[in-house]
Amino acid sequence: MSDPNNDALDAAAVVTAESPIPDTAVVEASGEKARSLWADAWVIMRGRPLFWVAAVLIVIFLVMAIFPQLFTAKDPTLCDLTYSRQPPGGDAIFGYDAQGCDVFARTIYGARASIIVGVATALFTALLGGLLGTFAGYVGGWVDTVLSRFADIFFAIPLLLGAIVVMYSIPSSPESPFPLVIFKVVAAMALFGWPNIFRLMRSAVLQVKPNEYVLAARALGANPLRIVTSHIVPNALTPVLVVSTIDLGGYIVTEATLSFLGVGLPDTVISWGRAISRASDLGLIRQVPHMLLFPALFLCLTVLAFIMMGEVVRDALDPKLR
Amino acid sequence: MARYDMPLYDENLAMVESEGRGTIDLEQTAARKPKSSRPPAKNRPYIKGTQVLESGHSWSPVDGRLLTVEDLQVEFRMRDGVAHAINGVGFHLDQRETLAILGESGSGKSVTAQAVMGIIDSPPGFVTEGTVDYCGVDLLRLAEKSRQQVRGAQIAMIFQDALSSLNPVFPVGWQIAEMFRVHKKMNKTDALKQAVRLMERVHIPAAADRVASYPHQFSGGMRQRIMIAMAIALDPAVLIADEPTTALDVTVQAQIMDLLKELQSDSGMGLILITHDLGVVADVADRIAVMYAGRLVETAPVDQLYATPRHPYTIGLLESVPRLDAKLGETLPAIGGLPPNLLAMPDGCPFNPRCRFARPQCSIGDPPPLVQIEPGRAVACPWWDRLEERS
Amino acid sequence: MGKYVVRRLLQIIPTLIGATLLIYYLNFAMPGDPTAGRCGDRQCPPTYVEWFNHEYNLDKPFLVQYVLYLGKLLRGDLGTDYYGNTVVHELATRYPTTIKLALIAVLFEAVIGLAAGIWAGMRQGKFIDTLVTITTLILISMPVFVMGGLAQLVFGIKLKWLPVTVGGQGSFYELLMPGLVLGALSLAYAARLTRTSLVENLRADYVRTAKAKGLSGFRTVAIHTLRNSLLPVITYIGGSIGAMMGGAIVTERIFNINGIGSFIWRSISQRDGVALVGSITCLVLVYLVVNLIVDVLYSVLDPRISHE
């Protein structure tokens, strides 16, 4: 499992990126107009093939999630047992699964569930963790202590284990509507994913807070909300953005794992996790590996695209790696 | 390859102290403007040492001369272009002598010291030209293995921030003793005894008790003493001190400088003191070399430099030192502007955009060479004897 | 040093209480019937529900329930599973297999991960660096169950190098492939972290000092840089044991290993809440204790922490 908790380590690299450049390589930007951090990063990213691979993959999978019809004319729910387990060939380029459904069509339509779950969970954790983290970091004192201890508790439970317990406790019935089913998975993962962003945002705020311009704004009597929104958040946002993108990949993996274990998305939702789960009985792997390979390939490529994107952005924003 | 003499300065050409800069090839001049024509940095030549010394090589100074650096050039090849950190620096150092290299941060003084030590990170840093002659051997041409025998043992160095320069996870005694264990193949116990002796030598109280302590358990001044103990462990002939007191309190600064002077008078080592602080230099140094944008702009004996600074940059530096005899309420003059971007150096004299004596000719052509104006003094300004303030 | 350990021990207590409370709450205080599934597909008879509620104190206020549960936990009572066996007994019989599996995984992770990371870090920007970066990226993007399936297909079925599944207690040889699969993800992270940390430390001031002392390149890296660089990696490897607890559920299911992971998987599919909560609580405790040990170890290796 790509455990998003691990990314806290990566994130540290971004947060501490403002270290001074050593004397040996001093290049004062005096003469030139100072390019902004992001403009600078864009110039670097543009030149990296990995960025373009990731960007193209992400666009393809996003389009696939929104308009699956563009990629296949077949109906993924139209299954015919007479075709059961037929290998790739003819008009079914990925073959058929055990129920005789077209694997290609089901793989294409499976993108939607994975992408929605990944994106929604990343947004949810970023929002929840970001808000609480900013609050804790800015207010400080006992509020910070209480919130931090609270976050520690959720942080102490590995994401997958926690999500299993939640999903187990509130099982989905086959009649549950699609949005509710998705929401449950998102909520279960966000519940254990937010401390990651919380810690990141909190330390970013703590780092920005003592800066002179923030102190000046305070001294001039700017209202706290304005200080937070216009001075602190923009500076602390970069690491959160990077880590959220990398985590997004991790959430897609965790959802697929939950579905694989039978506590995630139910069979009524077309998803890669369920498809892989049903294809990974040993007998099936032996006889019809195509049932496993194609959804697995798509799943891996999606996760790869998001993690790669996050890393390329992080590297481009990190002056130390230049 | 087109070569041409520098018409602007040819009246002084005969007296160029630092050799090799009399002519300049156009290619190198072009390389200074990376935006217009970026050179294929990877393919540019640089100096690779190959010469191997026999293991028992004995080092003895020729006529008291320890170190002669000539036409040193160092560049950093980076994503945004090639930064020319050092552009033809030359100086020498005798036994018992203290040479101060003075300059702002980014002037290349630290890089010069690291090039002499041979500890520039490569890539991105490359020594492309020059010689570093120590007791008759050009260190730049030495193979790495041979150079390691010189480093620390013959030429030692101490750094500005002793806390980050000492390894945080080893006791200080261990770190000092390492010098003996590596260079002298001494056993652990003997080496530790030597470490205690050195800690006492640099006046660390209760040295025997503190030998097993870690760097973070010492105060800033004590840490710098440990750095010094480590550097003088093998009685080096040359000690390079890179801003040794910048990170310290004023009182501690004086103690450290006194210690360095004391050690020097005992052992007769040559000291290269790198600093941006004119106050530190005045008491200690014999000669001063002022650096700006990777070049020496003025070299002079210390009292002459203070009495009659010749280069506009030196004049500016001296004016910006607070004086006790200044009138109350008088503002301290400062040099306006910023040091130049090493990736895009201005044409002509690199100091001209900030120089209040600048003439139109100063912003054309190549940088003025360092020229000897009297025995022991050199200036890199062709107008040094005719400075007229710009109105 | 001793003070530091005591402080860390005290710090972990609220987290332990919070984590067990959270898991307990999620399972027993959520709306829904905790006895659902305890009696097969049928609804449980009212007498059984009553007995169950009493046995697990579900008829008392929530906090009292939890305190009683915590008391049982401290006495090593995690309740009984669907078959009437105590959960503790079930875990006790299975843990040697899971430990063996995790050991293989951690060894694999530490040895290969560190070696690859060091190699890449030393050759920054060179071919091997790119190779390690891309390989680890692919490993990170690959869920354990995909990797497990592929490993079975390639090494088990096609190449016939290693057994495809594991029977009984699981011999070292049988557990080799599952162990590699389980460790692969953490290996990738460990390799990357090692690389980053090494590259960063190689630029540190004290490495410059080491060079200025005239030390050989080997000594500069091996003695002066590696120890500092490996500190965060050790913390990571310790923490990765937690991620492996989750991964073991999947790995043990795929390879049919009779360990704690497959017990959890069985509890899920049989909707056996008592067994599930008991075993997950147990894993979380192990995870926290391992992290504590790693923290203490870290403080031994890094004098800056323990001397605070």
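These notebook entries record what I looked up in a predicted model.

**Conventions.** I note that residues count from 1 along each chain as its sequence is written, while chains are lettered from A and ligands numbered from 1 in the order in which they are written. In this predicted model, local features need pLDDT of at least 70 and side-chain atom pairs count only at pLDDT 80 or more, whereas totals for chains, interfaces and linings use all residues.

**Entry 1: chains C and A.** I looked up the contact between these two chains (two residues are in contact if their C-beta atoms, placed from the backbone, lie within 7 Å). Chain C contributes 49 residues and chain A contributes 42 residues.

**Entry 2: domains of chain C.** I read the bounds, which come from an automatic or database domain assignment, as domain 1 (2–74) and domain 2 (92–301). The C-alpha centres of these two domains of chain C lie 31 Å apart. In chain C, 14 residues of domain 1 are in contact with 13 residues of domain 2. The domain 1 side comprises nine nonpolar, four polar and one charged.

**Entry 3: two helices of chain A.** I examined α9 (residues 224–261) and α12 (residues 290–317) of chain A, which pack at about 165° with their axes 9 Å apart (axes are lines fitted to C-alpha atoms, for helices over the stretch in contact, and angles run from 0 to 180 degrees between N-to-C directions). α9(A) is therefore roughly antiparallel to α12(A) (the term applies to angles over 145 degrees). Among the residues that meet are A:G249 in α9(A) and A:F306 in α12(A). By class, this contact of α9(A) with α12(A) has 13 nonpolar, five polar and two charged residues.

**Entry 4: domains of chain B.** I found domain 1 (65–285) and domain 2 (309–323 + 332–390) in chain B. Their centres, taken over C-alpha atoms, are separated by 29 Å. Ten residues of domain 1 of chain B are in contact with seven residues of domain 2 of chain B. On the domain 1 side, β4(B) gives the most, with four residues.

Technical notes:
Ala, Val, Leu, Ile, Met, Phe, Trp, Tyr, Cys and Pro count as nonpolar, Asp, Glu, Lys and Arg as charged, and the others, Gly among them, as polar. Angles under 35 degrees count as roughly parallel, over 145 as roughly antiparallel, 65 to 115 as roughly perpendicular and the rest as oblique.
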